[in-house]
Amino acid sequence: MISPSALLFQVNRLKPELITPAKPTPHETKLLSNIDDQESLRFQVPVIMSYRNNNPSSMNANRDPVKVIREGLSRALVYYYPLAGRLREGPNRKLMVECNGEGVLFIEANADVTLAQLGDAIAPPSPFLEEFLYNVPGSDGILGCPLLLIQVTRLSCGGFILALRLNHTMCDAAGLLQFLNALGEMAQGAQAPSTTPVWERELLGARDQPRITCVHHEYEEGIDAQGSLPSTNKPNMVQRSFYFGSKEIKAIRNHIPPQLSTCTTFDLITACLWKCRTLALRMNPKQVVRVSCLVSARGKRHNVRLPLGYYGNAIAFPAAVSEAKDVCTNPLGYALELVMKAKATVNEEYMRSVADLMEIKGRIQKYPLTGNFIVSDTTRAGFGEVSFGWGKPVFGGPAKALNLISFYVQHKCNNEEGVLVPICLPLSDMERFQQELERMTVETVQTMEDIYDTKSAKIVSRM
C-alpha cells in the first residue's frame, strides 16, 4: 500500500449541478425546532464513505454509481423535500426552511486512484477530503445556501467515494442516516422509503410558557474562572486520529475503580481524552474545563416521545464541569464519574428546558470556547450499513474533527474493530496530548500517522 505522502493522483470534476425532487413537491415554509436552530448547530458537517466494486460480474458491472445515486437522490428528495429548500431567519433568530425545490448540490467526479492505494487515508482526518468533497464557492453558508452537498467520485478500480456536507440544523446523525438509507433504497429501485419521514419539528419547540428547569452548563460562558482566550485559538492547528482497540480499552480500564467498571466504552474513552487533553493544554489550574457529550434523546431510555421517521435534531450535549487542576491531578475515575453523571441528566424535561432556553435567550446561546471539548459517538449511527447497491462501505463516518468537536467513528485496524477519534489541537499541545495518552494506555496508542505519513500529500486537481 502506497503511503499518502507519496501518492499522486488527479481528480477531474464536472460542473456542480442542482438536483431537484423528481416530482412536484409542496412550496411551503416549515419552522425548525428549538433544538435544530440553536447557534451551536449552525455549522456544516462533512461525511465520507468509500465503496468497493463488489461483484463486478453481476448486474452492477454496467451500473454507473454516479447515475444511480443521482437518480436515487432526486427520487428521495420527493419524500425529503425540505432538504431541497433554503433556510431563512425570522424574528428572534428563528430558523425556517423555505421549501422551494431549488435542490441540493451534486458533483460528479473521476479519480485515477484505487481504494487499495488510498487505504486508511479515507478515514479521518483524510488528507484528501478536499479532493473528494469540493467546497463550491458560496455554498457553505447557513442561510440561503444548499442544505446538502454530495460528491460522488469514481475510482479507477471500479469503486467509488461518496462524500457529503450537511447543514447540521436540518438533521442529527440519526436523521442523516435515515435519509441516506432512503436514498440507498430508492437507488436500488424501491418505490418509497421503508421509513416514512416525519417533520413535526414543533414537538421540540418551546412550551406555551417557556421555563428553564434544568442546569445547562454546556451553554454557560460565565462559569469560567479565568478570562483568558482558549488555547485552541493558537496557530498551527493540526489533526490526528487515535485508535482505541481492545488492548487500549483494557489498559484504560486499569485506571478506574471497581465501582465504575460498568461504564460504557464511550464514557471511558471520553474521560481519558478529557484528562489527557486538559493536561496537554497546560491551563491555569483554576480554569473551568468542560467536556460536553452529545446524547441522543431518541428511544425509550430518555422518555422523549418522537415518532418513527422523525429526522430532525433530537440531541443534547450535557457538560461535565470541573476546575482544570482537579481533572489533571485526580485519578481517571474522577473525570469518568463526572461524565457519567452529566449524561444521566438527559431526559424529556432536560430537552424541554433546552428548547425553552433557546426561546428565552433568543438562540444566541452557544457552547463556550474556553476550556471546552465536545464529543459525539457515531459508532452506532449506522454509517457502515448504508448501501446504494454495491454492498456496505469500506469506511463510513464523519470525515474529520471540527475544532472543539471530535467524532468517535467505527474503524477496523489490523482486522480488529475499534474506535477512531480525530483530535484537533495546536501542534505543540498535540505532541503533549499524545504523550499523555500513551501513558494512560501503557502501550503506545496508534495514530493514523504511525501507519501512514499524511503530512505532505501531493495532489493534482482541477475542475
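This is a predicted model: local features need pLDDT of at least 70, side-chain atom pairs count only at pLDDT 80 or more; totals for chains, interfaces and linings use all residues.

Colleague: What makes N414 count as exposed?

Modeller: Its relative accessibility is 66%, and exposed means over 50% relative accessible area, buried under 20%, partly exposed in between (1.4 Å probe, protein chains only). So at 66%, N414 is on the exposed side of the cut-off. Residues are numbered from 1 along each chain as its sequence is written, and side-chain values use heavy atoms, with hydrogens and water left out.

Colleague: Where is N414, and what is its phi?

Modeller: N414 lies in the loop between β17 (405–413) and β18 (416–426). Its phi is positive, about 55 degrees, although N414 is not a glycine.

Colleague: How do you know that R282 is exposed?

Modeller: R282 has a relative accessible area of 62%, so by the over 50% rule R282 is exposed. R282 also has a positive phi, about 50 degrees, without being a glycine. Look for R282 in the loop between α6 (265–281) and β11 (288–293).

Colleague: Which residues does α1 bury, and what do they pack against?

Modeller: The buried ones include V66, I69, L73 and L77. The buried residues of α1 pack against β2 (17–19), β7 (104–111), β8 (148–155), β9 (160–167) and α4 (173–187), where contact means heavy atoms within 4.5 Å.

Colleague: Why are β10 and β14 called edge strands?

Modeller: Two strands pair if DSSP finds at least two bridges between them. The open six-stranded sheet runs β10-β18-β17-β15-β11-β14, with mixed pairing. β10 (237–244) and β14 (319–323) each have a single partner strand, so one side of each is left without a neighbour in the sheet. On average, neighbouring strands there are turned by 25 degrees against each other, direction ignored. Axes are lines fitted to C-alpha atoms, for helices over the stretch in contact, and angles run from 0 to 180 degrees between N-to-C directions.

Colleague: How do you know that β10 pairs with β18?

Modeller: Eight bridges join the two, running antiparallel; the rule asks for at least two, so β10 and β18 pair. Within that pairing, F242 stands opposite V421 in β18. Helix α8 (residues 332–343) packs on the sheet, touching β11 and β14, and its direction makes about 145 degrees with that of β14.

Colleague: What about β3 and β6?

Modeller: They pair in the antiparallel sense over four bridges, with T29 opposite E98 in β6. Their open sheet has three strands in the order β3-β6-β5.

Colleague: How many helices and strands are there, and what share of the residues is buried?

Modeller: There are 11 helices and 19 strands. Buried residues make up 56% of the 463.
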